[in-house]
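Welcome! Take a moment to look at the model below, and then let us walk through it together.

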Amino acid sequence: MIRFDIISIFPEIFDSYFKVSLIDKAQKKKLIKVKIHDLRKWATDKHHIIDDRPYGGGIGMVMKLEPIYKAVNEIKKLKKTTKRKRKIILFTPRGKSYHQKTAYNISKLDHVIMICGRYEGIDERVAKYIADVELSIGDYVLMGGELAAMVVVESTARLIPGILGKPQLLGERTTKDKGFIEYLQYTRPEVFKPRPNRSSKARGVKNWRVPKILLSGDHKKIAEWRAERRKIINK
Ligand code: SAM
């Protein structure tokens with residue numbers, strides 16, 4: 001069972017997210033374990049301060065090193081495993097880009113500790129001496145690493161057998177970055193008649209139809225069509 005420990009100063013952000021959906025079911029089935037930790041618990045002063053002014057001046061506050069150091073050391077003890085099967089992830093917009101293959105590699109671990117930053121960032125010594133890897137979920141700057149942690153848990157968990165209730169695409173379970181997108185999906189109704197709208201992308205198209213091949217009942221042809229579409233999408 002893979003264990004995810006998330007360190008954040010806003011633990012309540014995760015409350016509803018991990019309590020609904022397949023992530024909750026996966027936890028009940030003991031396929032994964034997700035624990036959220038309030039970083040302030042490891043602050044040493046009575047006000048639970050976890051940030052301070054930047055050395056050298058400048059705007060904003062920087063998250064302090066000591067509470068993170070203590071949190072990570074304590075959390076490491078919660079799961080017995082080897083150094084190779086545990087990763088300490090620090091979220092930062094300058095980190096390595098997160099891809100499907102990263103999710104696949106993480107899904108093979110026993111223990112994932114994630115550090116979510118806030119404010120102007122985190123004392124650089126966390127990246128240098130504590131984290132195994134710095135990850136970015138995209139080329140934009142978020143207000144905090146919490147969304148990134150959710151992205152990692154969700155994209156990784158769905159690769160763990162038994163969580164989705166269906167086999168994953170072969171392409172999802174590889175260390176390559178291609179081939180993980182599924183074919184196009186349609187459901188009822190067979191024909192949808194939109195209200196006329198001149199500004200619409202579908203201007204002039206009166207009937208929005210499901211591709212005929214999917215209604216043909218010819219499973220071999222449908223499989224070929226899907227395989228063809230997948231190839232195009234994954235190019
Ligand atoms: N000044 C910081 C910098 O340029 O790195 C930005 C800090 S940002 C406001 C606060 C936190 O949000 C970061 O420490 C990081 O944990 C998280 N964050 C922001 N953008 C992110 C991204 N694209 N991927 C992952 N984490 C991100």
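First, a word on how to read the model. It is predicted, so local features need pLDDT of at least 70 and side-chain atom pairs count only at pLDDT 80 or more, while totals for chains, interfaces and linings use all residues. Residues are numbered from 1 along each chain as its sequence is written, and side-chain values use heavy atoms, with hydrogens and water left out.

Let us begin with the largest pocket, which holds about 460 Å³ of space. A pocket here is an open set of points on a 1 Å grid over the protein atoms alone, where a 1.4 Å probe fits, with protein on both sides within 12 Å along at least five of seven lines; lining residues have an atom within 4 Å of a point. The volume is the space filled by probe spheres set on the points, which are joined across faces, edges and corners. There are 27 lining residues, and Phe91, Thr92, Pro93, Glu120 and Gly121 lie nearest the centre. Two or more residues each come from β5 (86–97), α5 (124–130) and β7 (133–136), with β5 giving the most, five residues. These elements are DSSP runs numbered from the N terminus: helices (H or I) of at least four residues and strands (E) of at least two.

What takes up this space? The ligand does; a molecule sits in a pocket if more than half of its atoms lie within 2 Å of the grid points. Around the ligand are 19 residues, of which Phe91, Gly117, Glu120, Tyr140 and Leu142 come nearest (a residue is near if one of its heavy atoms lies within 4 Å). In this shell β5 again gives the most, with three residues.

Now look at the polar contacts (pairs of N or O atoms within 3.5 Å). A ligand oxygen lies 2.7 Å from a backbone N or O atom of phenylalanine 91, and a ligand nitrogen lies 3.0 Å from one of glycine 138. At glycine 144, a polar backbone atom is 3.4 Å from an oxygen of the ligand.

Finally, the backbone. Most residues other than glycine have a negative phi, and most peptide bonds are trans. Lysine 30, in the loop between α2 (21–28) and β2 (32–38), has a positive phi, near 60 degrees. The peptide bond from arginine 188 to proline 189 is cis, with omega near 5 degrees; proline 189 lies in the loop between α6 (146–157) and β8 (191–192).

How values were computed: Polar contact = N/O pair within 3.5 Å; in protein donor to acceptor, adjacent residues only side chain to side chain.
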